[in-house]
Amino acid sequence: MTTPYQHGDSVVLVCASGGRAEQARTLLESAGLDRLSVLRGGITGWEQQGGELNQGRGTWAMERQVRLVAGLLVLTGVVVSTAYEPLKWVAGFVGAGLTFAAVSNTCAMSRVLGLLPHNHTPRTDGRAG
């Protein structure tokens with residue numbers, strides 16, 4: 001019988017270089033989990049050794065998506081404000097939002113972008129198949 005913190009399967013922890021995965025293994029082992037391994041060298045080492053890697057669809061990182069949308073909103077607001085002056089406030093609103101995001105360490109735009117379908121991964125039952 002296993003507790004919620006135990007499992008019967010071996011687990012391989014993976015990150016880009018192996019460093020964070022090693023830190024995670026140390027933390028998980030201190031919590032009582034065992035049968036943990038780390039992919040030495042991480043994904044970078046795996047690729048360098050000729051290991052096969054499925055890159056997926058190449059979704060942009062959330063920070064990059066936020067920069068794109070914020071930049072487009074500012075640019076659009078400034079350009080269109082040459083014809084309709086009140087739209088300059090779009091740029092000001094985005095600037096205020098980015099300032100608030102930095103000060104509060106939150107980002108409403110990333111939350112909204114996170115709702116888009118391409119930012120969701122399919123749910124699985126946690127088992128390899």
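Me: To begin with, in which helix is the place of Lys88?

Reply: This is a predicted model. In it, Lys88 is placed in helix α4, a helix that covers residues 88–104.

Me: What makes Lys88 count as partly exposed?

Reply: The relative accessible area of Lys88 is 36%. A residue is buried under 20% and exposed over 50%, with partly exposed in between. The value of 36% falls between these limits, and Lys88 is therefore called partly exposed.

Me: Which residues is Lys88 in contact with, leaving aside its neighbours within four places in sequence?

Reply: Lys88 is in contact with Gly77 and Ser81. As for Leu75, the C-alpha atoms of Lys88 and Leu75 are 9.7 Å apart, while the two residues are 13 apart in sequence.

Me: Why does Ser81 count as buried?

Reply: Ser81, a residue of helix α3, has a relative accessibility of 16%. Beyond residues up to four places away in sequence, Ser81 touches Thr76, Leu87 and Lys88.

Me: How do you know that α3 and α4 are roughly antiparallel to each other?

Reply: Helix α3 spans residues 62–81, and its packing angle with α4 is about 155 degrees. Angles over 145 degrees count as roughly antiparallel. The angle lies over that limit, and the pair is therefore roughly antiparallel. The axes of α3 and α4 are 6 Å apart, and their crossing is left-handed.

Me: Which residues make the contact of α3 with α4?

Reply: Helix α3 contributes Ala70, Leu73, Val74, Gly77, Val78 and Ser81, and helix α4 contributes Lys88, Val90, Ala91, Val94 and Leu98.

Me: How do the residues of the contact of α3 with α4 divide into nonpolar, polar and charged?

Reply: Eight are nonpolar, two are polar and one is charged. Lys counts as charged, and Gly counts as polar.

Me: What pattern does the protein chain follow along the sequence?

Reply: The pattern is β-α-β-α-α-α-α, made up of five helices and two strands.

Me: How much of the protein chain is made up of buried residues?

Reply: Of the 129 residues in the protein chain, 15% are buried. The chain exposes about 10,200 Å², and 61% of that area is supplied by carbon and sulfur atoms.

Definitions and conventions:
Residues numbered from 1 in each chain as written. Predicted model: local features only at pLDDT ≥ 70, side-chain atom pairs only at ≥ 80, totals over all residues. Heavy atoms only, no water. Axes fitted to C-alpha atoms, helices over the stretch in contact; angles between N-to-C directions. Helix = DSSP H or I, 4+ residues; strand = E, 2+ residues; numbered from the N terminus. Parallel < 35°, antiparallel > 145°, perpendicular 65-115°, else oblique. Left-handed = near helix turned anticlockwise from the far one by under 90°. Contact = heavy atoms within 4.5 Å. Buried < 20%, exposed > 50% of the residue type's maximum accessible area, 1.4 Å probe, protein only. Areas by Shrake-Rupley, 256 points an atom, 1.4 Å probe, with all protein chains shown as cover.
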